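Keep the sequence and the structure in view as you read.

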Amino acid sequence: MRDAHTVTSKRYQSAHIGVSLTLLIFDTGWILEYPSLYLFGIFGGLFLQLFCTMVSAQYHDAFTCTTQLSMLFWVIGNLSWAGSELIWPPVGFFADLEFIKSLPESFEVPIMVSSVAMLVISGLVFVAAYLRGARCACGRHAPAFRIQDPEQERSS
């Protein structure tokens with residue numbers, strides 16, 4: 001019988017591939033100006049990336065958790081950026097919906113600025129995590145965290 005960690009690990013690997021595929025669907029929908037593909041891709045990617053982040057927080061080291069968390073914030077920043085472009089001109093696919101017409105255009109700039117800030121910060125955290133990981137892999141600095149193994153925790 002397989003234990004929960006093995007099943008979760010396989011689901012994690014599948015979800016990791018799913019994130020890449022759904023974000024590819026997101027980009028394809030954006031390039032082809034097909035908002036339903038965009039929405040499917042970004043919300044599917046958000047759900048799967050949230051799952052990957054939760055699993056890595058439970059079972060993996062700080063490096064993996066940090067990279068997954070930065071990817072989650074990148075997806076959220078991308079969602080708010082592209083979502084605001086769907087609402088306001090020049091793209092504005094949803095600009096004709098009644099509840100969207102009531103939103104003032106003054107909301108667009110703060111949403112775009114916060115999206116850019118989130119994308120930049122998540123990118124910097126991602127780069128910093130990889131630089132830290134490369135430094136540890138070269139043997140210059142001992143890693144501060146270890147991968148949690150549920151089998152070892154049960155035996156101790």
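Q: How many disulfides does the structure hold?
A: This is a predicted model. A disulfide needs two cysteine sulfur atoms within 2.5 Å. The number of disulfides in the structure is 0.

Q: Is C52 buried or exposed?
A: The cut-off for buried is under 20% relative accessible area. C52 has a relative accessible area of 0%. That makes C52 buried.

Q: Which accessibility class does C65 fall into?
A: Partly exposed covers the range between the buried limit of under 20% and the exposed limit of over 50%. C65 has 22% relative accessibility. C65 therefore counts as partly exposed.

Q: Is I17 buried or exposed?
A: Exposed requires over 50% relative accessible area. I17 has a value of 55%. I17 is therefore exposed.

Q: What distance separates the C-alpha atoms of I17 and L48?
A: Along the chain, I17 and L48 are 31 residues apart.

Q: How many aromatic pairs does a search of the whole structure find?
A: Two rings pair if their centres lie within 6.5 Å. With that limit, the search of the whole structure gives 4 aromatic pairs.

Q: What kind of pair do the rings of F26 and Y38 make?
A: Their centres are 5.0 Å apart, and their planes meet at 45°. Stacked needs under 30 degrees and edge-to-face over 60. The F26 and Y38 pair is therefore tilted.

Q: Which helices hold F26 and Y38?
A: The pair ties together parts that are 12 residues apart in sequence. F26 is buried at 4% relative accessibility, and Y38 is buried at 1%. F26 lies in α1, and Y38 lies in α2.

Q: Which residues form one aromatic cluster?
A: F26 and Y38 pair as described, with ring centres 5.0 Å apart. The cluster also takes in a tryptophan, W30. Its members are F26, W30 and Y38.

Q: How is α2 oriented relative to α3?
A: Their axes come within 9 Å and cross at roughly 160°. Angles over 145 degrees count as roughly antiparallel. So α2 is roughly antiparallel to α3.

Q: How do the residues of the contact of α2 with α3 divide?
A: The crossing of α2 past α3 is left-handed. The contact residues divide into 18 nonpolar, 7 polar and no charged.

Methods. Residues numbered from 1 in each chain as written. Predicted model: local features only at pLDDT ≥ 70, side-chain atom pairs only at ≥ 80, totals over all residues. Heavy atoms only, no water. Buried < 20%, exposed > 50% of the residue type's maximum accessible area, 1.4 Å probe, protein only. Phe/Tyr/Trp six-rings, centres within 6.5 Å; stacked < 30°, edge-to-face > 60°. Helix = DSSP H or I, 4+ residues; strand = E, 2+ residues; numbered from the N terminus. Axes fitted to C-alpha atoms, helices over the stretch in contact; angles between N-to-C directions. Parallel < 35°, antiparallel > 145°, perpendicular 65-115°, else oblique. Left-handed = near helix turned anticlockwise from the far one by under 90°. Nonpolar A, V, L, I, M, F, W, Y, C, P; charged D, E, K, R; others polar.
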